[in-house]
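Work through these exercises with the predicted model in view. Try each task before reading its solution.

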Amino acid sequence: MSEIRITLDGTERAVAAGTTAGEALSADGRTVIAARVNGQARDLDHVLADGDVVEPIAIDSEEGRAILRHSTAHVLAQAVQDLFPEAKLGIGPPVENGFYYDFDVAEPFTPDDLKRIEKRMREIVKQGQRFRRRPVSDEEARRELAAEPYKLELISLKGGASEEESVEVGGAELTIYDNVDPASGEVRWKDLCRGPHVPSTRVIPAFKLMRSGGAYWRGSEKNPQLQRIYGTAWESKERQDEYLHMLEEAEKRDHRKLGAELDLFSFPPEIGGGLAVWHPKGGITRRVLEEYSRRRHEQAGYQFVVTPHISKSTLFEISGHLGWYAEGMYPPMEMEGATYYPKPMNCPFHIMIYKSRGRSYRELPLRMFELGTVYRFEKSGVLHGLTRARGFTQDDSHIFCTPEQLADELASLLQFVLDLLRDYGLTEFEAELSTRPEKFVGDPEEWEIATEALRHALEKSGLPYKVAEGEGAFYAPKIDVHIKDAIGRRWQLSTLQVDLQMPQRFDLEYQAADGTRRRPYMIHRALFGSVERFFAILLEHYAGALPPWLAPVQVVGIPIADEHVPHLERVVAKLREKGIRAEVDASADRMQKKIRNAQKQKVPYMLLAGDDDVSKNAVSFRYRTGEQKNGVPIDEAIAEIVNAVENRIQI
RNA sequence: GCCGACGUAGCUCAAUCGGCAGAGCAGCUGUCUUGUAAACAGCAGGUCAGGGGUUCGAUUCCCCUCGUCGGCUCCA
């Protein structure tokens with residue numbers, strides 16, 4: 001057959017037999033770097049067959065970037081083996097914003113090594129080595145890769161039925177990619193790999209090695225630790241610079257740094273890792289943040305409860321936490337023959353409140369809310385400021401409802417969550433529906449009911465969502481709400497879980513209209529997740545410049561000269577009457593210095609006053625943006641500030 | 001917990017190839033009295049993270065511990 005028929009751009013076309021995907025697409029190999037053939041990603045030099053459907057993969061698409069990054073990972077591995085011939089290869093997949101490759105080496109890489117490796121990579125990129133795909137049998141692969149023990153392990157794993165697809169050995173046949181010198185045609189390097197790849201290393205427009213660190217082989221701490229090198233690669237220098245700039249910005253916004261600079265909180269070593277103390281300025285913001293949430297909950301029909309920080313082991317035995325998470329709990333305390341544990345969760349305590357007396361269907365849904373501080377023993381290596389702490393406060397609610405109420409309750413709950421998050425200035429949301437994990441308790445049919453109720457709530461909310469198979473908690477499927485912050489980072493925040501286990505374990509009941517005793521459903525719901533973590537996320541989102549209603553100091557009065565202090569004192573007194581956190585900077589510093597100080601503290605309103613203002617009974621605004629507004633009558637100034645605070649407006 | 005880097009004044013950072021530890025900011029005391037991001041001068045501030053070792057002598061070299069940071073694993 002000298003002609004075959006293929007589908008291109010949705011229309012059928014005849015091309016010569018032997019035509020490659022790249023030829024059919026007229027791909028330049030720079031903007032279009034690979035092809036999708038019948039839905040499968042392929043190299044551009046993939047030879048087409050009759051009936052193939054061919055689509056281009058652009059370098060600036062998500063899929064294209066992944067291919068680019070994966071190819072860059074190969075260049076990295078080649079460079080490492082050039083410089084460290086004894087290095088054994090692990091795996092080298094693309095990841096979000098970049099790629100990595102794992103190596104078994106005697107000595108961990110130093111920053112200097114990374115520089116040398118990156119330099120070697122640039123040489124390889126410049127050479128324009130071609131990526132050439134070559135199918136091999138298992139035996140051939142084993143023979144060629146005899147010196148690569150980890151690759152051999154991957155080959156032997158390939159047959160495993162439930163083995164997840166990897167970039168090394170995905171699919172039915174094994175392939176090796178050769179890196180070929182374009183001048184001599186010699187094979188410079190090769191790697192076991194599924195592909196596809198960019199046509200040539202020269203196509204890699206921008207890359208950079210980022211850092212190295214230890215990583216367990218195949219992700220298990222039982223396995224040996226390899227050395228992982230992370231890098232990033234982009235379709236253009238500009239996009240890479242943008243990304244690097246975002247990282248710099250993220251570093252500037254680091255809540256641990258801002259926490260110290262703005263005097264909000266600290267982690268004294270004497271107290272212990274992961275245990276924060278809140279300074280006055282952090283404390284006031286936290287109080288306002290909590291108070292607003294509490295008020296909204298009360299308005300939405302929640303009842304405020306309070307429970308203790310420790311409990312006898314009995315409670316956690318019934319709840320099952322001791323069985324499942326004992327190693328993450330602080331160790332027990334023995335007192336008068338009883339064993340007490342610091343609480344890792346609030347739910348069993350709320351159940352005790354439910355059980356304190358008989359319940360009627362008329363009371364349901366019963367919504368309990370608590371800012372409950374819990375303690376979990378996080379391993380020392382994972383602590384990270386307020387976002388991963390050992391003591392933290394959950395804004396925890398538990399809702400007990402009848403099976404008939406479940407779907408509606410979840411839907412309104414999700415709406416409530418989103419509305420409240422918006423009030424804190426977050427605007428972009430995504431959700432994830434996590435289904436039954438491998439390790440679970442209960443009846444799969446009930447899991448199905450609960451999962452469907454959650455799905456219904458998501459559909460009703462119109463929120464975009466993904467399904468995360470097997471990511472649920474051991475006792476419940478859940479919805480996680482993710483937000484995007486001001487520099488595009490995703491954070492998981494709220495969680496909604498339908499729990500069919502706790503009601504059974506604690507034998508919860510209510511009396512139905514027909515007089516029978518029935519089992520309620522229970523919904524776990526945290527909105528911030530942890531108040532500490534939410535605080536950190538807001539701080540990073542706003543880069544420390546909190547909206548006026550949350551700012552620790554909302555107004556600083558700055559006199560031009562000492563004689564203007566009394567005028568500002570009067571303004572500040574009026575502001576305080578309205579509940580505004582205002583002060584006058586009467587220190588010995590000059591006016592310019594006071595502005596600088598207030599600016600560095602990210603105070604939303606600086607009110608200046610000199611002779612002009614005093615004579616007109618006015619003040620002059622300086623906002624932290626640098627803008628100013630002079631000679632504003634005092635009443636107007638106060639009204640402007642009060643309005644921004646009351647309506648939670650960011651300035 | 002594991003791998004690695006780092007730890008000098010409240011903060012940011014110097015210096016000492018093994019020989020009495022130095023600056024800016026912040027603080028304190030004065031002087032100056034000012035219109036939108038740093039007035040001037042003086043003073044004070046350190047077990048060089050902690051412990052042990054090598055050495056005539058250790059902040060510097062070696063070991064251990066603690067802490068921080070970056071990864072991995074984990075995250076009810």
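**Exercise 1.** Find which polar side-chain atoms lie close to a base nitrogen or a phosphate oxygen of RNA strand B.

*Solution.* Start with Y216: a polar atom of its side chain is 2.6 Å from a base nitrogen of RNA strand B. Next take D613, where a side-chain N or O atom lies 2.8 Å from a base nitrogen. Then turn to Y230, with a polar side-chain atom 2.8 Å from a phosphate oxygen.

Residues are numbered from 1 along each chain as its sequence is written, chains are lettered from A and ligands numbered from 1 in the order written, and side-chain values use heavy atoms, without hydrogens and water.

**Exercise 2.** Describe the surface near RNA strand B (a heavy atom within 4 Å) by class.

*Solution.* Count the classes: 14 nonpolar, 17 polar and 15 charged residues. Here Ala, Val, Leu, Ile, Met, Phe, Trp, Tyr, Cys and Pro are nonpolar, Asp, Glu, Lys and Arg charged, and the others, Gly among them, polar. Now look for the largest share: α17 gives six residues. Among the residues that come nearest are R590 and K593.

**Exercise 3.** State how confident the prediction is for chain A.

*Solution.* The mean pLDDT is 93, and 98% of residues reach 70 or more. Over residues 160-164, pLDDT falls below 50. Low-pLDDT coordinates should not be read in detail.

Key: This is a predicted model: local features need pLDDT of at least 70, side-chain atom pairs count only at pLDDT 80 or more; totals for chains, interfaces and linings use all residues. pLDDT is the predictor's confidence in each residue, from 0 to 100. Contact means heavy atoms within 4.5 Å. A polar contact is a pair of N or O atoms within 3.5 Å; within protein, one must be able to donate a hydrogen and the other to accept it, and residues adjacent in sequence count only if both atoms are side-chain atoms. Helices (H or I, at least four residues) and strands (E, at least two) are DSSP runs, numbered from the N terminus.
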